[in-house]
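Me: Hi! Could you walk me through this one while I have it open?

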Amino acid sequence: MHVRGLTKRFGALVAVNGVNLEVPRACVYGFLGPNGSGKSTTIRMLCGLLTPSEGDIEVLGLRVPEQAEALKRRIGYMTQKFSLFDDLSVRQNLEFLATVQGLSRQDTRTRVDELLKRYHLDDRQEQLAGTMSGGQKQRLALAGAIVHKPELLFLDEPTSAVDPESRRDFWEKLFELADAGTTILVSTHYMDEAERCHRLAFLDSGNLVADGTPKELTDKLRGRTFVIRAQSPRQAKQALDGHPDVLSVAQIGNELRVLMRKDKVTVDDLRNAAGHADDAMEIESVSPNLEDVFVVATRKHAQREEQPA
Ligand SMILES: Nc1ncnc2c1ncn2[C@@H]1O[C@H](COP(=O)(O)OP(=O)(O)OP(=O)(O)O)[C@@H](O)[C@H]1O
């Protein structure tokens, strides 16, 4: 998938702003960003459901939206709402989707049987979809999205309505699909899911603010992340908040996670910045995580926006 300068405006609002993307085949590509950052809007443009205001999209060698019709049979799409028919049984839901995708009656039967087994739904195939648990609905929705063996799967926050164990199982299934050659573009709010992706893009207010492999992204921040355990975390936070070398301070339980503007900061530098009042203060240099990457990327972008042209 190649995307250049993708932009979507809704009236005065720029929901997606000049986004460039390269998604390799058989890759699990993560899309991260806060609410309203433009993830769903981007995904909807990539699968031809929404017309861009500007930009070029090529998906599986086809131009979108011009060749979106030809693309439909080759992609799958699943959202957090799961789009199931509550009044149809598990089997009927899959049969219906297979028919819509143009599978023959024989192929439908074979494929539905295969999916029911693979997604552990064969013992409840007559149950109405509306009566299933969140995790079961999610498995059924995924089975439905791949009933026609798409080469590319778009998943828009597919795990937001399910428990942690279902999320883990779901990711196992995604990797099975990727191993079999399916390209997957998945949006998520969860950093643990982001860490599992082969590559990631961070969106903020419609702008792509960082992209790369999780390791590439976190490696850039080496030497800049610290954890502080203080007697009074609130006081230490106040001292650090206004310090010019400190980019962000977040309290997590009794600890502070501190992100510095530059690397090569020493523990002593940070102790000075936090103030000497607390002798028992412990400061530890820690590995950067993807949340740190996001904070840096969004702050950098905000600073660029503030600078006069
Ligand atoms: N059809 C529409 N008409 C007007 N504004 C829209 C429309 N669709 C989306 N928006 C706006 O575009 C912005 C981006 O929304 P989008 O749903 O793409 O964000 P998101 O990152 O997917 O958020 P979330 O994580 O909450 O799903 C939001 O401000 C939203 O209100």
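Me: Which element gives the largest share of the shell around the ligand?
Reply: Helix H1 does, with three residues. Helices here are DSSP runs of H or I with at least four residues, strands are E runs of at least two, and both are numbered from the N terminus. Before we go on, this is a predicted model: local features need pLDDT of at least 70, side-chain atom pairs count only at pLDDT 80 or more, and totals for chains, interfaces and linings use all residues. Residues are numbered from 1 along each chain as its sequence is written.

Me: OK, which residues surround the ligand?
Reply: They are Phe10, Leu13, Ala15, Gly33, Asn35, Gly36, Ser37, Gly38, Lys39, Ser40 and Thr41.

Me: Switching to helices. What is the angle between H3 and H5?
Reply: About 20°, with the axes of H3 (residues 90–100) and H5 (residues 134–145) 9 Å apart. The axes are lines fitted to C-alpha atoms over the stretch in contact, and angles run from 0 to 180 degrees between N-to-C directions. H3 and H5 are therefore roughly parallel to each other. The cut-offs are under 35 degrees for roughly parallel, over 145 for roughly antiparallel, 65 to 115 for roughly perpendicular, and oblique for the rest.

Me: Which residues meet there?
Reply: Val90, Asn93, Leu94 and Leu97 from H3 meet Leu140, Ala143 and Gly144 from H5. Contact means that the C-beta atoms, placed from the backbone, lie within 7 Å. By class, this contact has five nonpolar, two polar and no charged residues.

Me: What about H3 and H4, at what angle do they cross?
Reply: Roughly 135°, with the axes of H3 and H4 (residues 105–118) coming within 10 Å. That makes H3 oblique to H4. In H3, Arg91, Leu94, Glu95, Ala98 and Thr99 meet Thr108, Arg111, Val112, Leu115 and Leu116 in H4. The classes are five nonpolar, two polar and three charged residues.

Me: Now the backbone. Which peptide bond is cis?
Reply: The one from Val64 to Pro65, with omega near 10°. Pro65 lies in the loop between strand S5 (62–64) and helix H2 (68–72).

Me: And what is phi of Ser205?
Reply: Near 45°, a positive value in a residue other than glycine. Ser205 sits in the loop between strands S9 (199–204) and S10 (207–212). For background, most residues other than glycine have a negative phi, and most peptide bonds are trans.

Me: Last one: what does UniProt place at residues 1–230?
Reply: The unreviewed UniProt entry has the feature "domain: ABC transporter" there. UniProt positions follow the numbering used here, feature names are shortened, and annotations may be inferred rather than shown by experiment. Over residues 1–230 the chain is 34% helix and 29% strand, with the end C-alpha atoms 48 Å apart.

Key: Two residues are in contact if their C-beta atoms, placed from the backbone, lie within 7 Å. Ala, Val, Leu, Ile, Met, Phe, Trp, Tyr, Cys and Pro count as nonpolar, Asp, Glu, Lys and Arg as charged, and the others, Gly among them, as polar. A residue is near a molecule or strand if its C-beta atom, placed from the backbone, lies within 6 Å of it.
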